[in-house]
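Reader: I'm new to reading protein models. Could you take me through one, feature by feature?

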Amino acid sequence: MDNFLASAGRVLVIGGLAAGALAASAALGGCGSAAPASSAGPASPLVRPTALTAAAWPTRITVTGTGTVNGTPNQLTLDMGVQVNAGSVGSALSSANDAIGRVTAALNSSGVAASDIQTSGLSISPNYPSGSQVPSGYAVGESLTATLTNLSNAGTQIDAAVHAGGNATTINGISLNLTDDSSLLAAARAQAVADAQAKATQYAKALGEPLGPVVSITDQSPTQPVTQYPMSSAAASRGVQISPGSQQLSVSITAVFSA
């Protein structure tokens, strides 16, 4: 009897503990947070959708502007020399040295500064008769480059140099250059900016947007063509007429505008 009562007591104790655990679990469930809403329910108030606006993607208009101006050359570069043939190298070289010396002296006497005369070439080559491997003589050529800064006297200076060199004279060509181009470049750059502004305005209008400020400008190197004018000694001996004409100078820029 005592054993039966002890077993029954143990069963009641275990049952009471189980009931207490269930009650505690129920209490905790009532005090906890609600279960998360299903995907079909309303969105959480902490999640805000991102709105993409036009400001997030700024418009850029990139154009190229060009400015072109004309100027009168103020400098002439003369490429000339002498060519001499003789039976020996020594004789040909001596004659060429004498001839180029006379040319240089004539240029100096006519007003060309020594610093504006520069030796530009020297060549020595044998002359072979047809079908022979033995040279019959030698040809020596010497050349110089002279910078003539006064175009009104350039024709007279060239004529004096040609006569001094005599029949040995060779003229390979001349070039007319613009050396003082600062004001011309300023005018070309102003034209290039105005050209870029006009193009960008047209594109902005076509897009239906107001043209914004300049974001960047990239200046490209100005281009100045130099024209070569070949000349023969015979033409020079009759007197040289120098017509400077005009040369074109262009500036290009790449401009980026906001819109």
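Author: Let's go through it one feature at a time.

Author: Some ground rules before we start. This is a predicted model, and residues are numbered from 1 along each chain as its sequence is written. Local features need pLDDT of at least 70, side-chain atom pairs count only at pLDDT 80 or more, totals for chains, interfaces and linings use all residues, and side-chain values use heavy atoms, with hydrogens and water left out.

Reader: Okay! How many helices and strands does the protein chain have?

Author: Helices (H or I, at least four residues) and strands (E, at least two) are DSSP runs, numbered from the N terminus. Here the protein chain has five helices and eight strands. Going along the sequence, they follow the pattern α-β-β-α-β-β-α-β-α-β-β-α-β.

Reader: And what share of the residues counts as buried?

Author: Buried means under 20% relative accessible area, exposed means over 50%, and partly exposed is in between, using a 1.4 Å probe and protein chains only. In this chain of 259 residues, 28% count as buried.

Reader: Can you show me some single residues? Is Ser143 buried or exposed?

Author: Ser143 sits in strand S4 (residues 137-148). Its relative accessible area is 18%, so Ser143 is buried. Contact means heavy atoms within 4.5 Å. Leaving out neighbours within four places in sequence, Ser143 is in contact with Met80, Gly81, Thr119, Ser120 and Gly121.

Reader: Where does Ile171 lie?

Author: You'll find Ile171 in strand S5 (residues 169-177). With 9% relative accessibility, Ile171 counts as buried. Met80 turns up again here: Ile171 and Met80 are 91 residues apart in sequence, yet 4.2 Å apart in space, C-alpha to C-alpha.

Reader: What about Thr62, is that one buried or exposed?

Author: Thr62 is exposed, because its relative accessible area is 52%. Thr62 belongs to strand S1 (residues 60-71). Not counting residues up to four places away in sequence, Thr62 touches Thr254, Ala255 and Val256. Thr62 and Phe257 are 195 residues apart in sequence and 6.4 Å apart in space, C-alpha to C-alpha.

Reader: What share of the contacts comes from residues 24 or more positions apart?

Author: Among contacts in the protein chain with a separation of 6 or more, residues 24 or more positions apart account for 83%.

Reader: Now the salt bridges. How many does the structure hold?

Author: A salt bridge is a side-chain nitrogen of Lys or Arg within 4 Å of a carboxyl oxygen of Asp or Glu. The structure holds two. One joins Arg189 with Asp219, and their closest N and O atoms are 3.6 Å apart. That pair links distant parts of the chain, with Arg189 in helix H4 (residues 182-207) and Asp219 in strand S6 (residues 214-219), 30 residues apart. Arg189 is partly exposed at 37% relative accessibility, and Asp219 is partly exposed at 44%.

Reader: Which residue does Asp195 form a salt bridge with?

Author: Asp195 pairs with Lys199, and the closest N and O atoms are 3.4 Å apart. Both residues lie in helix H4, four residues apart, which is about one turn of the helix. Asp195 counts as partly exposed at 23% relative accessibility, and Lys199 counts as partly exposed at 30%.

Reader: Last one: how do I read two helices that pack together?

Author: Two packed helices are described by the angle between their axes and the distance between the axes. Axes are lines fitted to C-alpha atoms, for helices over the stretch in contact, and angles run from 0 to 180 degrees between N-to-C directions. Here helix H2 (residues 89-109) and helix H3 (residues 151-165) pack at an angle of about 155°, with their axes 8 Å apart.

Reader: Which residues of H2 and H3 make the contact?

Author: On H2 they are Ala99, Arg102, Val103, Ala106 and Leu107, and on H3 they are Gln157, Ala160, Ala161, Ala164 and Gly165.
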